[in-house]
Amino acid sequence: MKLCMIGTGYVGLVSGVCFSDLGNEVICVDRDQKKVEDLKKGIIPIYEPGLDELVLKNCSNKRLKFSTNLKESVLKSDIIFICVGTPTKKNSNGADLSQIYNVAKEISSSISKFKIIITKSTVPVTTGDEIEKIISQKVSKKLFSVVSNPEFLREGEAIRDFTYPDRVVIGTMEKKSNKILKNLYSPLISKGAKYVNTSRRAAELIKYASNAFLATKITFINELANLCEKINVNIEDISIGMGLDKRIGGRFLRAGPAYGGSCFPKDTKAIVSTADKFKTNLSVIKSVIKSNDNRSLLLLKRVEDILKNKIKNKKICFLGVTFKANTDDMRDSSSLSMIPSLIKKGAKVNYYDPTGEKIDFKRLKNVKFDDNINSAIKNSDLIIIHTEWNDFKSINFKKKVQNKKFVIFDMRNIYSATKMKELKIKYFGVGL
Ligand SMILES: NC(=O)c1ccc[n+]([C@@H]2O[C@H](COP(=O)([O-])OP(=O)(O)OC[C@H]3O[C@@H](n4cnc5c(N)ncnc54)[C@H](O)[C@@H]3O)[C@@H](O)[C@H]2O)c1
C-alpha cells in the first residue's frame, strides 16, 4: 500500500519505518527541513534502539522516502497518517490542536481520488469530526474517510511495540476503510495483535483512557512508597505481591520519580480538560495530576534529609536525566525541575546520560555534563540514580568514587539495599 506519514517525530518515523519494513511504500513528511535532509543521509534524529538499521534497510530497498513536500506526498499516497504533535496549550490544560488542523487544511488541497486520513496523533474525542468538517469544505465526502488509529508504542521499545502490539484500534464505522486497514495491519494481527474496530470517538477516547490509567497506576504505587518509607516496609515487596494478581498486573507498578515524558503529563491534563468541557468531573485523574506534580518536591525534600539540609557546595551527580531509559526524550522529565532546584540551593550538579549532553541544562550555571560514568561519579557527595539504564546496574561505586563518604539515592531501586549495607555504602531507595 502507498502510505504517507505527516510528522516524522517519534511516532511518525517509527511507524513509517515499520510499515515500510512490512512491505508498504512509505513517504515520511516533515516541515523540519534539516530533519528531512539528515534522514535522507541516514542520520537519525532520535535515539531509539534498532531504528537506524531499519531506516537504512528500507531506504536502500526504496520502500522508504523522506520529503518536506506535503502536497505532493499526499497526492501520491492512499493512506495518510497524521502524526504531528498535540502538546498542552500555553494557558490551559487542553491539547493544542493547531498542528493537526493545519495539516487537515493542507491535505484538503491534495485529494483527487479516495484517501483514508488517519489520526495517529493522540487527539481529544471529537477531533476526527472537526477534521472531517475542515476537509469537506474543499473535498466531496465520497473522496475521503477520517479514521482514528491511536498509537500505543513506548519510546525505547518502540519498534517491538509497533511490531507486536497488544491491540490495533481502528475507529471507523465505514466498512471500506475498515477492510483496507485490517488488511494493512494483517501482518501484525497474524502475529497475535487483537484487532478492535470501534467508533471514531471511542478510539480517540481509548488512547487517553489508557494513558490516564497507566499514569494512575504509577502514581498509586508512588504514594504507597511514601507510606512504606515511614513503616519500614519495602515497596518492592508490595509491587510484587500486588502485581502477581492477574487483575492488577505488575507493569507500571514500580515506585520511582514523577512520571514524565511526552505523553502521560499532557494526556492526563487533556482528558480532564475534555471532560470538563462536557461537564464531567474526572476527579481520580485530577488527583493523579496533583499528586504527580508534588512528587518531585517530595523527592527533593528526601535529598535534603539525606544530606542533612547541607546542600550548599555539595557535589551531586545525576545518572540519567531523560524521563526513562532507552530514549533521548527530555519532555517533562522530572530532572528538569529537580536539577535547577538543587542548583538554587547551592549544589554543584554534574550528570551523565547515555544519550549525551542536554540543551536544557546548557545555560545553567553549576551544571556540568560528563561523557562517562566513572568521571561523573568520581568526586560526588551524592549520586542520584534518576533513570533506569542498564549502564547503571553494575557500577563498582566503592572503587570508582574517590570521596569515601559518598551517598547513593537510587530513585529506581535498581540496587539491593541489603547488598549495599554489606558493602558499607550509604544507600537510600524509594519506598524502602
Ligand atoms: N512519543 C511517543 O512515545 C508517543 C506515543 C504514542 C502517541 N504519541 C502521540 O503522537 C503524536 C506525535 O508525537 P511525537 O512524540 O512523535 O511528536 P514529535 O514532536 O516527536 O514529532 C512531531 C513532528 O511533526 C512535525 N510537524 C508538525 N507540523 C507539521 C506539518 N504541518 N507538516 C509536516 N510535519 C509537521 C514536527 O516537525 C515534528 O517533527 C502526539 O499526539 C503524541 O501524543 C506519542
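Student: Where does Lys424 lie?

Tutor: Lys424 is in the loop between α18 (417–422) and β14 (426–429). Helices (H or I, at least four residues) and strands (E, at least two) are DSSP runs, numbered from the N terminus. This is a predicted model, in which local features need pLDDT of at least 70 and side-chain atom pairs count only at pLDDT 80 or more, while totals for chains, interfaces and linings use all residues. Residues are numbered from 1 along each chain as its sequence is written, and side-chain values use heavy atoms, with hydrogens and water left out.

Student: Why does Lys308 count as exposed?

Tutor: Buried means under 20% relative accessible area, exposed over 50%, and partly exposed in between (1.4 Å probe, protein chains only). Lys308 counts as exposed because its relative accessibility is 56%. Lys424 also counts as exposed, at 71%.

Student: Which residues come nearest to the ligand?

Tutor: A residue is near a molecule if one of its heavy atoms lies within 4 Å of it. Of the 27 residues around the ligand, the nearest are Asp30, Lys35, Thr86, Glu155 and Lys266. This shell divides into nine nonpolar, nine polar and nine charged residues; Ala, Val, Leu, Ile, Met, Phe, Trp, Tyr, Cys and Pro count as nonpolar, Asp, Glu, Lys and Arg as charged, and the others, Gly among them, as polar. Helix α5 gives the most to the shell, with three residues.

Student: Which residues touch the most other members of the largest nonpolar core?

Tutor: In soluble globular proteins, nonpolar side chains tend to be buried together. A nonpolar core is a set of buried Ala, Val, Leu, Ile, Met, Phe, Trp, Tyr and Cys residues joined through side-chain atoms within 4.5 Å. Here the largest has 37 residues, of which Phe19, Leu51, Phe81, Leu181 and Tyr185 touch the most other members. Its largest share, six residues, comes from α1.
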